[in-house]
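Grab a pencil and work through these exercises with the model open beside you. Try each task before reading its solution.

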Amino acid sequence: MKKNLTCLLLLILSFMFLFHPDKSFAKQESTNLIGGLSYEVLYPENQGNKNLGYFDLTMQPGQEQIVSLKLYNSLSQELTVQIRLSTAKTNSIGKVEYGPSDLKEEDSLINDFTEIVKGPTKVTIPAKGSKQVDLVISLPKDSFNGLIAGGIQLKPLRDDVTDDQKKKDIVVNEFAFLVGMLLRIGDTNNIKPELKLNQTYIAFKDGKSHLFVNISNIRPVFVEGMSVAIQVRKNNKQKDLFEYQGKDLRMAPNSIIDLPIDLADKGITAGMYTAQINVSTKTGGHWSWTEDFKVNKLEADNLNKQSTENKTDSKGLFWAVFFILCIGLLVFSLAYMAIKRKRLSKNKYS
């Protein structure tokens, strides 16, 4: 009986050591300065809805205006805040990004948010105090009607990390507030999105080969409720090899979306292929393109290698899950037998 219980205890301890989710080999430290920072949007007269939490301003070409944010520091020490302005862009999953990013700008972007809106890059808020941040909006006289979108990032800066800490494996979580700003220039109600296919190409992303479909929105309005359907087939063939579906995507004004389609496990060999691309929006917009692209031998070999590695990883995952289930079943069986023997022993001597 004692031998069985000892084995059971050892198995449970081994199981906990092997698969405990908190197991790690690097020291981690998290300091969240965002808890001491808060802000208030000081809405001007030309703010449409004052319950939005961001600026939504109706303006005219040539207009200049100052808008303000009020920053609060609840800490018992000074707090330095970095301020970064960014033009709204569209990421690869069809979401609009208002914060700093490495995404490319569209050539049709004339009224760049970061050139029109200016402000301080850094402010210091006194302990238990506040600070007003003024942003100057200067619209060119020849501005076209449309939307200009961007974001204001408010990021507390740490000054308590020592040189010794920087040399160690310390993970510091960084947080920031992001305040959106939308400028409505003139009459924007009748402006419709216009999409343009730039190119299709093959490149690596996250260690895998992808077919990228690069599309631009060349109008100063958002693309709302965008659906994308892409069918890929061998050149001059009718049968589709695979299909990509994207729904409820959104694009910023005058921005690019670079849609990645994972080619691993798609049975792609060297040769010419055709992509049929169809895009529609909830407002009735529709665009269709047929684009040929080439997969060379090196790209095809890489795809086959990735496919083999994926299958190997899948087998490894299968055996790992199988091993865990076997250990779990063994632990359960031993525990059940121990409890059963204990009950039988009680019944025998009762």
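A strand here is a DSSP run of E that spans at least two residues, and strands are numbered from the N terminus. Keep in mind that this model is predicted.

**Exercise 1.** Find the strand that holds I256, then work out whether I256 is buried or exposed.

*Solution.* Start with the location: I256 sits in β16, which covers residues 255-262. Next, check the relative accessible area, which is 16% for I256. Buried means under 20%, so I256 counts as buried. Now look around it: setting aside neighbours within four places in sequence, I256 contacts several residues, including T90, K104, E105, N198, I215 and M251. Take E105 from that list: its C-alpha is 7.0 Å from that of I256, though the two are 151 residues apart along the chain.

**Exercise 2.** Work out how β12 and β13 are arranged.

*Solution.* First, the direction: β12 (residues 195-205) pairs with β13 (residues 208-217) in the antiparallel sense, over 10 bridges. Then pick out a facing pair: K205 is opposite K208 in β13.

**Exercise 3.** Locate K128 and N236 and look up their phi values.

*Solution.* Begin with the background: most residues other than glycine have a negative phi. K128 has a positive one, near 55°, and lies in the loop between β8 and β9. N236 has a positive phi near 65°, in the loop between β14 and β15. Last, accessibility: K128 is exposed at 62%, and N236 is exposed at 72%.

Notes. Residues numbered from 1 in each chain as written. Predicted model: local features only at pLDDT ≥ 70, side-chain atom pairs only at ≥ 80, totals over all residues. Heavy atoms only, no water. Helix = DSSP H or I, 4+ residues; strand = E, 2+ residues; numbered from the N terminus. Buried < 20%, exposed > 50% of the residue type's maximum accessible area, 1.4 Å probe, protein only. Pairing = 2+ DSSP bridges. Contact = heavy atoms within 4.5 Å.
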